[in-house]
Amino acid sequence: MKDITHRKEVEQELEKHRKYLESLVEERTRKVYEANIQLKHEIEGRHRVEEELLKSKKLESLGVLAGGIAHDFNNLLSVIVGRISLAQLKLYPNDEANRRS
């Protein structure tokens, strides 16, 4: 017969350390998983902000374009109104074209 008491104590100690290490791995794995989820949410939030910023820039560009077109159209209308005013000055007061204005 051989005394295996020491061997059994070592095996129990090893099992205790193995369980401890497994619990550490599980805890850290959970923390990494949670951090990954949080990071994913932050990235999605940034994507939404970037999309809104892009939409805002597009709308701003459209506003500038519309303002430029309105300005050019106003310039053309000013020329037309000015020419009409000059034409009216050359008409006789009783002229039919002058009455319709």
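## Close-up views of a predicted helical chain

View 1. E11 counts as partly exposed, since its relative accessibility is 35%, a value that lies between the 20% limit for buried and the 50% limit for exposed residues. The model shown here, as in the views that follow, is a predicted one. The partner of E11 is R7, and the closest N and O atoms of this salt bridge are 3.3 Å apart. R7 itself counts as exposed, with a relative accessibility of 55%. The two residues are four positions apart in helix α1, so that about one helical turn separates R7 from E11.

**View 2. The whole chain, for orientation.** The protein chain contains two helices and zero strands, and its C-alpha atoms fill a box of roughly 140 × 15 × 10 Å along the principal axes. Its radius of gyration is 42 Å, whereas a compact globule of 101 residues would have one near 13 Å. Of the 101 residues, 1% count as buried. The accessible surface comes to about 10,000 Å², and carbon and sulfur atoms account for 60% of that area. There are 19 positive and 18 negative side chains, and the centres of these two sets lie 5 Å apart.

**View 3. R30 and E34 form another of the eight salt bridges in the structure.** Here the closest N and O atoms are 3.2 Å apart.

**View 4. E52 meets K55 in a salt bridge.** The N to O distance between these side chains is 3.8 Å. K55 counts as partly exposed at 49% relative accessibility, and E52 is partly exposed with a relative accessible area of 48%. As E52 and K55 are three residues apart in helix α1, about one helical turn separates them. Elsewhere, salt bridges with shared partners join R7, K8 and E11 into one network.

**View 5. A nonpolar patch lies on the surface.** The patch is formed by L59, L62, L65 and I69, which together have about 420 Å² of accessible area. Among these residues, L59 has its place in helix α1, which spans residues 5-90. L59 counts as exposed, because its relative accessibility is 60%.

Terms used: Residues are numbered from 1 along each chain as its sequence is written. This is a predicted model: local features need pLDDT of at least 70, side-chain atom pairs count only at pLDDT 80 or more; totals for chains, interfaces and linings use all residues. Side-chain values use heavy atoms; hydrogens and water are left out. The radius of gyration is taken over C-alpha atoms; the globule rule is 2.2 Å times the number of residues to the power 0.38. Buried means under 20% relative accessible area, exposed over 50%, partly exposed in between (1.4 Å probe, protein chains only). Accessible areas come from the Shrake-Rupley method with a 1.4 Å probe; for residues, only the protein chains shown count as cover. Lys and Arg count as positive and Asp and Glu as negative; His and the chain ends are not counted. The place of a charge is taken as NZ of Lys, CZ of Arg, CG of Asp or CD of Glu. Patches are made of residues with over 30% relative accessible area and no salt bridge: like charges are joined within 9 Å, nonpolar side chains (Val, Leu, Ile, Met, Phe, Trp, Tyr) within 5 Å. A salt bridge is a side-chain nitrogen of Lys or Arg within 4 Å of a carboxyl oxygen of Asp or Glu.
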